[in-house]
Amino acid sequence: MEVKTASFEKVSTKETSTVSGAEAVIKCLLEEGVDTIYGYPGGAIMPVYDELYKYQKEIHHVLTRHEQGATHAAQGYARVSGKVGVAIATSGPGATNLVTGIADAQIDSTPMVCITGQVGSHLLGSDAFQETDIVGISTPITKWNYQVTKAEEIPEVIAKAFYIAKSGRPGPVLVDITKDAQFASLEFSYKKCSGIRSYKPIPELNLLEVERAAEVINKAKKPMIVWGQGVILGGAEELLKSVVEKAGIPSAWTILGLSALPTDHPLNVGMVGMHGNYGPNMLTNECDVLIAIGMRFDDRVTGNLEKYAKQAKVIHFEIDPAEINKNVKADYPVLGDVKESLKALLELLDPNSHKDWHQKFRDMYKTEYEKVIKGNLDVTKKDLGMAEVIQEINIQSKGDAIIVSDVGQHQMAACRYAKFNGTRSNVTSGGLGTMGFALPAAIGAKMAKPDREVVAVIGDGGYQMTIQELGTIFQTKVPVKIVLLNNGFLGMVRQWQQLFFDKRYASTTMINPDFITIAKGYHIKAKQVTERSQLEEAVKEMMESDEAYFLEVKVEQEENVFPMIPTGAAVSEILLE
């Protein structure tokens, strides 16, 4: 997409003035309402940082300890606030260190703008010091990227970057700016981007498609909804609730959709997917109508596609045409903005209850409770379990905390057992599965919502991938709560090795440092729990703290997460033990 194809507001939001390219970058961010950015300075982005120094009252720059931490913090900020997260870095390794976070944001549809410095335009292609083709590297993992070589391009490109990042299905955008473009002068005026030729972020809703979908739902005997993060991104949580309640449909969620509907809502039947709940997984292959809303049929949700919901008519509400029929064939695709689509659907639905169908979910929950949940919450067993820790956090937070989880067994425990009363309360790395995500993401989440409690739930493996961000917490005094579930293993990999590789624990045993001493080295309050009797008081002390707090909980070493759908199995072949 060429910059000249974009449409912009007719009137500049500021009178024209002569500024440097570097100052133009800061002014553009202010015009877009940015008040917090995450980054790490370096030579090629130094002119922008020099200008940022003059705007410290307007923009809060958070110095992370690694550029990957900047992207994850920006993600956490975006996921909780609904705004565009912003990360900034220098060229070369600074830019390449952003890549993991950009890829994570792309697959999880997180709106983010990354700004990188670049060597002077006369040095491009010469293998200059810290020159890396970040545009080429990031092309497969960004929604759009662009290299700026002239100062006068900056306002238009950044306006376009924010529009693309937040419109339609959100995603990350990268703008790479050469150093000479930062030093050069331009006549600055800013016009927000309002459209781009050939880019239609929101498909026009076809009401006939909605009518057909409604007719199928009204006739269904065993309908089931699976919703994803699209509901949250589209701000359609209340409409989802109204649809679910009016039609009386059992509704399940993907891990990124979690918290769109309160966990304790009577029509919320739990999580689908590899470690999801027994009922919604089993009954996916029994329902007669499967209604997918804002989800993409990820392989961790569907299991073996050849055996996935073959008996059901599939209705797919989706904003991205590329997701329709990509993995699962939709008998009734409905393209459009989820808010508009659900609003139209709600008016056409007949009131229903599906009592007998609901009873099947309740019966299967009882089975899962007896075979899995009861044991996970058993306070008479020798070692502390992950679910017990999450349960105590539920009690102390009353379901009002934002839970930020990393990737692994603790993530599944958090998603399965955490209670949520409100939306945008579950922040985790879904599609990419990025270890190291939670600690920096929790920083961004807390800065986005300082009035809410933010608890990072992390394993001992992922924690050490971004442990340096304790320095960011120390410097910024952001009062995040960190719960480390320490089992001395790379737990999820170890579980697979136990079940499928004859207990050959190859390179999964962790010889860990003294985490309490490390936390105290960063002047963060810290406590270790080794006995069940210590847990309640320790969590209470953590939650009541006005400062950052690190709580290490020693949990059962070889605890496994069940239910589980083995690789290659159908959702209805889920294992309870």
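## Getting started

Helices (H or I, at least four residues) and strands (E, at least two) are DSSP runs, numbered from the N terminus. This is a predicted model, in which local features need pLDDT of at least 70 and side-chain atom pairs count only at pLDDT 80 or more, while totals for chains, interfaces and linings use all residues. Residues are numbered from 1 along each chain as its sequence is written, and side-chain values use heavy atoms, with hydrogens and water left out.

## The whole protein

The protein has 23 helices and 22 strands. Its radius of gyration, taken over C-alpha atoms, is 24 Å, close to the 25 Å that the globule rule (2.2 Å times the number of residues to the power 0.38) gives for 577 residues, so the protein is as compact as a globular protein of that length. Along the principal axes, the C-alpha trace spans about 70 × 60 × 40 Å.

## A sheet of six strands

Follow the open sheet across its six strands and you meet the order E18-E17-E19-E20-E22-E21, with parallel pairing; two strands pair if DSSP finds at least two bridges between them. Strand E18 (426–428) and strand E21 (525–529) stand at the edges with a single partner strand each, so one side of each has no neighbour in the sheet. From one strand to the next, the twist averages 20°.

Strand E19 (residues 454–459) and strand E20 (residues 481–486) run parallel and are joined by five bridges. Here glycine 459 stands opposite leucine 485 in E20.

## Helices on the sheet

H17 packs on the sheet and touches strand E17 (402–405), E18, E19 and E20, where contact means heavy atoms within 4.5 Å. The direction of H17 makes about 155° with that of E17. For such angles, axes are lines fitted to C-alpha atoms, for helices over the stretch in contact, and the angles run from 0 to 180 degrees between N-to-C directions. Helix H23 (residues 532–544) lies across E19, E20, E21 and strand E22 (549–554), and runs at about 165° to E22.

## Cavities and a pocket

On a 1 Å grid over the protein atoms alone, a cavity is a set of points where a 1.4 Å probe fits but cannot get out, and a pocket is an open set with protein on both sides within 12 Å along at least five of seven lines; lining residues have an atom within 4 Å of a point. Grid points are joined across faces, edges and corners, and a volume is the space filled by probe spheres set on the points. There are three cavities of 30 Å³ or more. The largest cavity has a volume of about 60 Å³, and its lining includes Arg79, Gln229 and Arg424. The second largest cavity comes to about 50 Å³, with Tyr417, Asn560 and Phe562 among its lining residues.

The second largest pocket has a volume of about 560 Å³. Of its 24 lining residues, Thr263, Asn268, Val269, Gly270 and Tyr365 lie nearest its centre. H15 gives the largest share of this lining, six residues.

## Two backbone details

Most residues other than glycine have a negative phi, and most peptide bonds are trans. Phenylalanine 297 has a positive phi, near 55°, and is found in the loop between strand E14 (289–293) and helix H13 (299–302). A cis peptide bond, with omega about 0°, joins phenylalanine 562 and proline 563. Look for proline 563 in the segment after E22.
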